[in-house]
Amino acid sequence: MPINNKEITKEMIEKAMQCRTADELTALAKAEGFDISKEEAEAYMAELDDMELDEQILRNVAGGTCITDGTSCWTLS
């Protein structure tokens with residue numbers, strides 16, 4: 001819940017995604033003028049854990065390259 005009427009920006013979301021713990025996220029939110037509970041921060045962190053992809057996989061998907069499991073290759077476009 002916002003402390004003030006600030007809008008959440010793309011930059012704020014990018015900063016939030018860099019947080020490693022719920023405590024870091026809570027501190028960041030407060031520094032940006034938002035008040036979130038530890039439970040809200042933990043729920044957000046759990047969502048990030050479910051969505052996180054390996055950086056190499058992201059590059060492969062973005063570049064449309066081959067993904068392999070060692071025996072097969074799938075080309076993404």
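The model is predicted: local features need pLDDT of at least 70, side-chain atom pairs count only at pLDDT 80 or more, and totals for chains, interfaces and linings use all residues. Residues are numbered from 1 along each chain as its sequence is written, and side-chain values use heavy atoms, with hydrogens and water left out. The chain contains four helices and two strands, where helices (H or I, at least four residues) and strands (E, at least two) are DSSP runs numbered from the N terminus. Read from the N terminus, the order of elements is α-α-α-α-β-β.

**Burial and helix H2**

- Of the 77 residues in the chain, 19% are buried; buried means under 20% relative accessible area, exposed means over 50%, and partly exposed lies in between (1.4 Å probe, protein chains only).
- Helix H2 spans residues 22–31, and its buried residues are Ala 22, Leu 25, Thr 26, Leu 28 and Ala 29.
- These residues lie on the same side of H2 because they cover an arc of only 165° around the axis, the arc being that of the directions from the helix axis to the C-beta atoms.
- Thr 26 belongs to helix H2 and is buried, with a relative accessible area of 13%.
- The C-alpha atom of Thr 26 is separated by 8.8 Å from that of Glu 40, and the two residues are 14 residues apart along the chain.

**Salt bridges**

- Side chains of opposite charge can pair when their charged atoms come close.
- The structure has two salt bridges, each defined as a side-chain nitrogen of Lys or Arg within 4 Å of a carboxyl oxygen of Asp or Glu.
- One of the salt bridges joins Lys 15 and Glu 32, with the closest N and O atoms 3.1 Å apart.
- This pair links distant parts of the chain, 17 residues apart: Lys 15 is in helix H1 (residues 10–18), and Glu 32 is in the loop between H2 and H3.
- Lys 15 is partly exposed at 43% relative accessible area, whereas Glu 32 counts as buried at 18%.
- Lys 38 forms a salt bridge with Asp 23, and here the closest N and O atoms are 3.5 Å apart.
- This pair also links distant parts of the chain, with Lys 38 in helix H3 and Asp 23 in helix H2, 15 residues apart.
- Lys 38 is partly exposed, with a relative accessible area of 41%, and Asp 23 counts as partly exposed at 48%.

**Surface patches**

- Patches are made of residues with over 30% relative accessible area and no salt bridge; like charges are joined within 9 Å, and nonpolar side chains (Val, Leu, Ile, Met, Phe, Trp, Tyr) within 5 Å.
- Asp 35, Glu 39, Glu 40 and Glu 42 form a negative surface patch.
- For charges, Lys and Arg count as positive and Asp and Glu as negative, while His and the chain ends are not counted; the place of a charge is taken as NZ of Lys, CZ of Arg, CG of Asp or CD of Glu.
- Glu 42 sits in helix H3 (residues 38–51) and is partly exposed, with a relative accessible area of 40%.
- A nonpolar surface patch consists of Ile 8, Ile 13 and Met 17, which together have about 290 Å² of accessible area, by the Shrake-Rupley method with a 1.4 Å probe.
- Ile 13 is in helix H1 and counts as partly exposed at 41% relative accessibility.
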